[in-house]
Each structure stands twice: as C-alpha cells, then as structure tokens.
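This report describes one protein chain and its ligand. It begins with the ligand surroundings and then turns to the fold, the core and selected local features.

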Amino acid sequence: SEPLLKVEGLKKHFVSQKGFSKSSKQVVKAVDGISFDIKPGETFGLVGESGCGKSTTGRMIMRMLEETEGTITFDGQRMDQLSGRELKKARKDFQMIFQDPYASLNPRMTVRDIIAEPLIVHEMETENGIDARVYELLDTVGLPRKVAGRYPHEFSGGQRQRIGIARALAVRPKLIIADEPVSALDVSIQSQVLNLLKDLQDEFDLTYLFIAHDLSVVDFISDRIGVMYLGKLVEVGDRESIIQNPQHPYTRALLSAVPVPDPRAKRERIVLEGDLPSPSNPPSGCPFHTRCPFAWERCVNETPQLQTAETTGHTAACHLLD
Ligand code: SF4
Ligand code: MG
C-alpha cells in the first residue's frame, strides 16, 4: 500500500551565533538528509541518543518547525505546499504525544477541557456532544469518568500520559507522533502505556511514528526501526532484522547496552567511547568514526551511504558492508 507518510531528503540546519563576534556563525545540522516511509497501520520507531535529531524530525512533520530542505508527504499531500487553511484541516489527521505529561498539559485546565480543546478547535463536536465524547475518550484510555473535573496535578505520570493520549485521539487522527512518551515514567508504568498504545492502534487503525532513545522500548512497539546518529539515519529496516542482525556498529552498541533476559544468550559487548560529537562540528567521513571500535582510514575520509546488506535485506550506512 501507499505510505501514509513519506519523508524525503529532510534537513534542518539551524544557524546560530558563535561567541560574540557577528561574523562567526555556526551551522548546526540537526537533521541532515533523512528519508523514510511509514505505511498505514505501521509503527516506525526512530531511535538514537538525545541530540541526534529525532525530536526535530517529529516537529517538522508536525509543522511546528519548517524544514531547511527535503519534503514531507502526508496522505498524498506535500506538507510545504498546503495553504494555511488546508494545513489547519490536515492538522487534525496528525497529533502528537509528548515526553513530559507534566509540562504538556495546561495545569489550569480541567481534564474535560484539556481533552475537549482539540474538538473545539477543529469544530468536531457540538457543544452538547462534547461531554459524551470526553467520557468516551476517558473510557478508551482506561480512566474513570469522574476524573473529568479534576486538574492535571492530581494525577500520576502514567495517568497524565493517558490524558495526553485521550487528547491526541479526540480528533480521530491517522498518524500519531509519540516523542519519548514513556521515558519520564517508571519502568512498571511504561509497559502499561506501551500496551495501551498498541491496543489503540488496532482499535483505531492508527499509524505511529514512535521516537525514543531506549532501544528496548522501540523494539517492543515497532514494526520497523530507523536508527539515527548525528542527524542521519544509519540503519533502517524491519524490527526483527535490526534486532536479530544489526549491521551498523552504532546499532550494535545500542543493543549491547540493553540487558538480555537470558544470561546464557551471548551478545557482543560494544562500549561506546567518548561523547556524542557536536552537530555543529560533525566528524569527517563516517559521522560515527570517532566512537567506532572498527573505524579505519577510509571511515575518516569517506562518508558511507545507506546500502542494502545482502545477508539481511535491510539498509545500513557502514563501509563494513562492502
Ligand atoms: Fe565504523 Fe567505519 Fe562503519 Fe563508520 S563506516 S560505522 S567508522 S566501520
Ligand atoms: Mg528528543
């Protein structure tokens, strides 16, 4: 089937002042030419360390940020070509769930008003229909109806995230961009919220772009995975293929940091040296070469392109694949 979301050559470069001299501008290549598709009903997990460009990508798709280059096609429409009115109409088809359910819910609004707000903005319910729809949404996310009159501070993190999910679902979106939706929650609550997201996907035919730094979370929820490093996708493929047979040393390092439940299961240990380099001064050649235990001279001089690994059929950007 046709992809619901198609991202092609997407870039976001921020120009910022370096120091006090007017002449020294620096360019931060937060997102530097990424392409991927998401099919209807699929979950695409975008994973990488904080600062790799995942959230910036999500915010461009949400139209909270304008791309420097490249295109985003949603449901057959080029997002950059929509008029203001068309964009307002399209907006209800993609909604976001944020990392911090504490910061993303207005503390002065009741749960009812928080969930009702997008219904009013998009004129999707009559004044009389709103309460019934809010109750229905509370049922859907597993919260009792009596919470409608309460305020966000009266809830736990997991409950607040359920409120955020109800709000996102209110306008019956096609695509949900979830940016680190469980990383602020206790581990025991994380799986409840992830399972809720999975159930809702089946029930409402939702498509997810799921952004997280934690590969085990992305593994749990995704159909396909894209691994980002310094603004670039370094490995993309089916979840199982990536987890069972990672090709890029960075993916292998992320995987080796995930605890294996069965202690007999052998997994190679790749420990990353050094810090994530600054995206304003990325390394030459392969952006990962400063931390890669396998790097050799070619890696310093030549940037590897995404290519299909013959053994697995998914793509990775590493000279070791040659
Ligand atoms: Fe490591 Fe070289 Fe592959 Fe980059 S291209 S990931 S530095 S082996
Ligand atoms: Mg982020």
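## Ligand surroundings

For the classes used here, Ala, Val, Leu, Ile, Met, Phe, Trp, Tyr, Cys and Pro count as nonpolar, Asp, Glu, Lys and Arg as charged, and the others, including Gly, as polar. The model is predicted. In it, the shell around ligand 1 contains ten nonpolar residues, three polar residues and no charged residues.

The shell has 13 residues in total, and the ones that come nearest to ligand 1 are C286, C292, A295, C299 and C318.

## Overall fold

The protein chain has ten helices and twelve strands. Its radius of gyration is 21 Å, close to the 20 Å that the globule rule gives for 322 residues, so the chain is as compact as a globular protein of that length. Along the principal axes, the C-alpha atoms fill a box of roughly 70 × 55 × 45 Å.

Of the 322 residues, 38% are buried. Among contacts in the protein chain with a separation of 6 or more, 65% are between residues 24 or more positions apart.

## Nonpolar core

In soluble globular proteins, nonpolar side chains tend to be buried together. The largest nonpolar core in this model comprises 75 residues. Within that core, I115, A166, L209 and F210 have the most contacts.

## P249 and helix α9

Helix α9 spans residues 249-256 and includes P249. Is P249 buried or exposed? P249 counts as buried because it has 23 C-beta neighbours inside 10 Å, where 20 or more are required.

Leaving aside neighbours within four places in sequence, P249 is in contact with I270, F288, C292, P293, F294 and C318. Two of these residues, C292 and C318, are also among those that come nearest to ligand 1.

Strand β1 (residues 5-17) and strand β4 (residues 69-74) run antiparallel and are joined by five bridges. In this pairing, L5 stands opposite F74 of β4.

Strand β4 also runs antiparallel to strand β5 (residues 77-78), with two bridges joining them. Here F74 has Q77 of β5 as its bridge partner. The hairpin of β4 and β5 has two residues between the strands, and D75 takes a positive phi near 55 degrees in it.

Notes: Residues are numbered from 1 along each chain as its sequence is written. Chains are lettered from A and ligands numbered from 1 in the order in which they are written. This is a predicted model: local features need pLDDT of at least 70, side-chain atom pairs count only at pLDDT 80 or more; totals for chains, interfaces and linings use all residues. A residue is near a molecule or strand if its C-beta atom, placed from the backbone, lies within 6 Å of it. A nonpolar core is a set of buried Ala, Val, Leu, Ile, Met, Phe, Trp, Tyr and Cys residues joined through C-beta atoms within 7 Å. A residue is buried if 20 or more other C-beta atoms lie within 10 Å of its own, exposed if 12 or fewer, and partly exposed in between; C-beta atoms are placed from the backbone. Helices (H or I, at least four residues) and strands (E, at least two) are DSSP runs, numbered from the N terminus. The radius of gyration is taken over C-alpha atoms; the globule rule is 2.2 Å times the number of residues to the power 0.38. Two residues are in contact if their C-beta atoms, placed from the backbone, lie within 7 Å. Two strands pair if DSSP finds at least two bridges between them.
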